[in-house]
Amino acid sequence: MALSRLVPPSSVDAPQTDTLRAEVREFLAQQRAAGAYTPSPDAWLSGWDEKFTAALAERGWLGMTVPVAYGGQGRSFSERFVVTEELLAAGAPVAAHWIADRQIVPSLLKYGTERQKSEFLPQIARGRCFFGIGMSEPDSGSDLASVRTRAERVDGGWSLTGTKVWTSGAHLAHAFIALARTEPVDPAHRHAGLSQFIVDLRGPGVDIRPIVSMNGAHHFNEVILDGAFVPDDMVFGTIGDGWEQVTSELAFERSGPERFLSTFVLLDACAETAAGQRIPPGEDLGRLVARVAGLHQMSSAVAGALERGESADVAAAVVKVLGTATEGDIAEFAHLAVEDAADDEYSAMSDAAVDQRPGFTLRGGTNEVLRGVIARGLGIR
C-alpha cells in the first residue's frame, strides 16, 4: 500500500478534499499508465514538463486560488494543498509551473497592480507563463539584506544591474521578480531601500548562464542583468517596501509540502520493497513515516494560516528546517537500506535523491539562517 494512503488526515481534509484527492490520484495513475512521466525525487525542482503542466491546467489544477475574474478557479488554499501534496507524493514533473503557482500567484494577488494581475494571472492558470525567483546573489544567498543588484531611475522606468544566482528554470521561464537596491545601504537599517521588479528574462540586458550540477543536471542558472530595463508598470509593489514583500513571499516558499515530500516517492518505494520482504523494514522506516505524517500536519496548518491572512514566517521556517532534514534522512536511509535488493527504477531514484541531498537544506534559505529566524521569532537571544 502506498504511503500516501497512510498519512493521517489533517485540518485540510474534508469530504470535498477527499473527493479531490481521489480525482488527482486517478489522474496520476492514468498518466503513469500512459507513460507520460517516470516518478522522480525532487521533481518539483528538476522535472520540467510543459505538457504535464498543460494537462493539469486543463483540469483546473493550476491557479486554484486565483479569483475567477482573473482566469483562476477561486478555490481555497486547502484544496490547492491537497493537489500539490498528491503531485509531490507521486514524484510528478511539476517544475515548469511550480514557482509561478506557489509563489508568484499569492504575491501578485497581494501586491500586484491591476494590469499585472490581468496580464500574468490568467496565463499562469492556463500553464502558459513560467516564473523564476530573482533573490539570491553571489556571496548573498540567505542574507537577502546584502543584495547588491542596483535599480536606477531612468526615463519611463528603471535600469537594473547586478547578478542573481541559483535561479531555477531561468533558461526556460518568461520572467522573474528581482530584488534590487533603490537606495544606498544604510548600515543601521540594512533592510531599507529594497524594491522588487518584474523582469522579462527574454529581454535585452539579460544574460542567462547555466549552472550544471556535478551529476550533469541543469536547472540552476546565473542571471546577469546589465542595464536591463523595467518599465514603471512592472515595478512590483511599492518602491522601498521590497523587504516586507520578500518576507511575505518566503512564507509560501518555505512552508509548502515540497519541503518534506521531495523524497516521498522514494520512501514509498522503500516501503513497498520492505513489504515484499526484499529488505528488513526496521524501526527507522517507521520513524521516517511518522516524521512525514507530523510534517503533513504542520504544513497544512501553515496553509490554513496563510489562507486566513495570518503571519506564518516562524512556522514556515520550522517546517522548512524539519522538513528538509527529513528529506535528507530518507535519501540516506533508502540508499543504505537497499544495497543489492533494488531494481533499476528504485536505484535510479535513490541515486538521484542522494545527489540532490546537499541542496535540500540550502535552497529557500539555509537551515542555519532559518534557525536564527526561529530563535528571533520566539524571542530567544
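**Entry 1: Arg25 and Glu86**

I looked up the contact between Arg25 and Glu86 and found that their side chains form a salt bridge, with N to O at 2.9 Å. I take a salt bridge to be a side-chain nitrogen of Lys or Arg within 4 Å of a carboxyl oxygen of Asp or Glu. The pair connects distant parts of the chain, since Arg25 belongs to helix H1 and Glu86 to helix H4, 61 residues apart. Helices (H or I, at least four residues) and strands (E, at least two) are DSSP runs, numbered from the N terminus. I noted Arg25 as partly exposed at a relative accessible area of 23%, whereas Glu86 is buried at 5%. My classes are buried for under 20% relative accessible area, exposed for over 50%, and partly exposed in between, with a 1.4 Å probe and protein chains only.

The model is predicted: local features need pLDDT of at least 70, side-chain atom pairs count only at pLDDT 80 or more, and totals for chains, interfaces and linings use all residues. Residues are numbered from 1 along each chain as its sequence is written, and side-chain values use heavy atoms, with hydrogens and water left out.

**Entry 2: Arg21 and Glu85**

I then examined Arg21 and Glu85, whose side chains meet in a salt bridge at 2.8 Å, N to O. Arg21 is buried, with a relative accessible area of 9%. Glu85 is likewise buried, at 6% relative accessibility.

**Entry 3: Asp329 and Arg291**

I next recorded a salt bridge between Asp329 and Arg291, in which the closest N and O atoms are 3.0 Å apart. Asp329 lies in helix H11 (residues 313-338) and Arg291 in helix H10 (residues 282-307), so the pair ties together parts that are 38 residues apart in sequence. Asp329 counts as partly exposed at 26% relative accessibility, and Arg291 is partly exposed at 33%. My search of the whole structure gave 17 salt bridges.

**Entry 4: Helix H6**

I turned to helix H6 (residues 114-125), which has twelve residues. From its first C-alpha to its last, H6 reaches 16 Å, close to the 16 Å expected at 1.5 Å a residue; the expected span is 1.5 Å times one less than the number of residues. I listed its buried residues as Gln116, Lys117, Phe120, Leu121, Pro122, Ile124 and Ala125. These buried residues pack against helix H3 (50-58), helix H5 (95-111), strand E1 (131-134), strand E5 (194-200) and strand E8 (235-236), where contact means heavy atoms within 4.5 Å. After H6 comes Gly127, with a positive phi near 70°.

**Entry 5: Domains**

I consulted UniProt, where an unreviewed entry lists residues 17-127 as "domain: Acyl-CoA dehydrogenase/oxidase N-terminal". UniProt positions are in the numbering used here, feature names are shortened, and annotations may be inferred rather than shown by experiment. I found this span, residues 17-127, to be 65% helix and 0% strand, with its end C-alpha atoms 23 Å apart. The protein chain is divided into domain 1 (17-129), domain 2 (133-241) and domain 3 (256-378), with bounds from an automatic or database domain assignment. The C-alpha centres of domain 2 and domain 3 lie 30 Å apart.

**Entry 6: Cysteines**

I searched for disulfides, meaning pairs of cysteine sulfur atoms within 2.5 Å, and found zero. Cys129 counts as buried at 8% relative accessibility, and Cys270 is buried at 0%.
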